[in-house]
Amino acid sequence: MAAALGALGVRQGRRVVVAEVQQRSDVEHVVTAAGADHVSIDPQAAMEEYLRDQLPGPLAEALAASRAFAYFAAATPGMRELLTAGKIWELAQDERRTPGARPYDLVVVDAPATGHGVAVLAAPRTFADAAMVGPIARQGRIISEMLGDPARTAVVAVTTPEEMPVNETLALRAALAADAGQRPALIVVNALRRLRLTAQEAARLEAEADGHPAVAAALAAHRHAGEQRSQLRRLRRHARGTPTVTLPFTPGEPDVAALARRLEEAVR
Amino acid sequence: MRSIDERISGKRILICAGSGGVGKTTTSAALAMGLAARGQTVAVVTIDPAKRLADSLGLDRLGNEPRLVDPARFAGHGIEMRGELWAMTLDPKHTFDELIEQLAPDERTREEVLGNRIYQELSSAVAGSQEFTAIAKLYELDRSGRFDVLVLDTPPSRNALDFLDAPDRLTNFFEGRALRVFLAPTGLAAKLMGRSTSVVFSVLKRVTGVDLLQDLSVFFRALGGLIDGFRERAAGVKALLADPATTFLIVTSPEREPVEEAIFFAGKLAEAGMPFGGLIVNRVTPDDGLGAEPGDVVAELAPRLGDELAAKVAAAYADARVLAERDAANVRRLRAEVGDDDPLLIPQLGGDVHDVDGLVRVHAHLFGEA
């Protein structure tokens, strides 16, 4: 879905980067094929970049090479999340801190699963609160203001119309509001099965009950599609005020360009 | 395989691993229920069950201890409980607090860690803490000797390694230089308290701000008091994971991403020398009876159902064929890559499986009674 949003941004003529938080080998080529840049955020590299930006060269080198400092960073709870959020912020700046890096109009982040994703969004604020004063507090506040500002940062929740994913999405919505001061701008409901039969047709097939494998398959598909629709209704009922977009189920590899077109139609 | 029985008999600890959203919780609960029905005292530790599954087992978020599931809940579903089924939902933050309470050498250390702002604000948010607390709880339940079998539903984690690595990471942390650097009399902790102004310290101060540093140094110093306890616990947990009475079951669905993750995890299990018990593939579209071409189906059904309905049925049938082919291909890939020639395949069960009735149906497939 991140790749599809990236492709949509490119179609609209924007300079786009898709940032991955957990390394995956299979997404990069899809993203670059769509004309967007791809980065994989590595907290260790982000830390070194940050130090080089903050400190005079020799000091930064000394610190980056210091074992004590590496342990300190690795052992501090939440440090990885903070560095990840910091790098996302850096990618979004008009004047990039990374020397020679070009600016982007749109940064799409493929965030980790719900709980961890919220932790990344919330880390800057947590550190800002914990530090209270000093550069970390100041920068933490700047980053959390960007991530918490609906005008600059949109959180897109991606789910499927099944019971557990819907629960998780509703929990995400609550956690976003509580921990990161955010709310989803859009909920994308993926893999919605087609509802082919009318209730009347299904009842007729049930009544025939002739055990024909095609009839059994059609009825099973009908039930599944019906359950999905009731989950979708539940999601919409509980997430009132957040727009939802559905995308149809496809059994094979997702077609990123088709997804992008569909998203474009849906959000128009 | 027809039944999971042969893979788990004699095992004391069953760990169900796999991606999120593949029916791991339901599988774990159905497995535990089946073993309890056969006369054993079983506890299932779940992480985040669907609300209705939790309700149907009488689980709530309070307590962080297993509770006996009322056998009457299963009576109406043809399941006679000869043993006992206990169930709990893990609360990572609570478990971590308990662990600190158990391991702290004295009250002062305990209060220092639990009261530390860094610990409070960050202990629950950190990735990996769920993994560690889940096995810490498992270890504690195993040591209690109250249960014949423990079933653990692992946290949904993109990186399965987090789970296997948790005890090692903790041991390395405590045995490694990290803490020594902080705790040595001339170490960082001492420096942070203001007795020295080394380059590293003054730079750290500049980068982070002083308050945060002091909280951190108090945090690390207090943790230092827990070293022995933590080291012992982590070693125990690691031994438990590698114990011959422990087995890992990999749960997946026949879709691309969970399949890749299952293959990856199986490789890591083998690498780490952990015991692998077998593969359970949920939600497989059965391919029997799907031989006919959709065109022939229309011709066959049209006289009875009319052209329009016959065409709709044939279209749904064609979808099912594509899905069954995809699933079969993924199962073949799993067989070849995971090293389980005979995985347990559980069909896509119509209707909802997040209630006792659903558990009973999954159970029937798990134990070969379907």
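Helix H8 of chain A runs over residues 135-148. Its 14 residues reach 19 Å from first C-alpha to last, close to the 20 Å expected at 1.5 Å a residue (1.5 Å times one less than the number of residues). Helices are DSSP runs of H or I with at least four residues, strands are E runs of at least two, and both are numbered from the N terminus. The model is predicted: local features need pLDDT of at least 70, side-chain atom pairs count only at pLDDT 80 or more, and totals for chains, interfaces and linings use all residues. Residues are numbered from 1 along each chain as its sequence is written, and chains are lettered from A and ligands numbered from 1 in the order in which they are written.

**Buried side of H8(A)**
- Ile136(A), Ala137(A), Gln139(A), Gly140(A), Ile143(A), Ser144(A) and Leu147(A) are buried (20 or more other C-beta atoms within 10 Å, C-beta atoms being placed from the backbone).
- They cover an arc of only 165 degrees around the axis, so they sit on the same side of H8(A); the arc is that of the directions from the helix axis to the C-beta atoms.

**H9(A) against H11(A)**
- H9 (residues 163-180) and H11 (residues 213-238) of chain A pack at about 10 degrees, with axes 10 Å apart.
- H9(A) and H11(A) are therefore roughly parallel (angles under 35 degrees).
- Glu163(A), Val166(A), Thr169(A) and Leu170(A) of H9(A) meet Gln231(A), Arg234(A), Leu235(A) and His238(A) of H11(A) (C-beta atoms within 7 Å).

**Glu293(B)**
- Glu293(B) lies in the loop between strand S7 (276-284) and helix H16 (294-305) of chain B.
- Glu293(B) has 12 other C-beta atoms within 10 Å, so it is exposed (12 or fewer).
- Its C-alpha is 8.9 Å from that of Ala314(B), 21 residues apart along the chain.

Terms used. Axes fitted to C-alpha atoms, helices over the stretch in contact; angles between N-to-C directions. Parallel < 35°, antiparallel > 145°, perpendicular 65-115°, else oblique. Contact = placed C-beta atoms within 7 Å.
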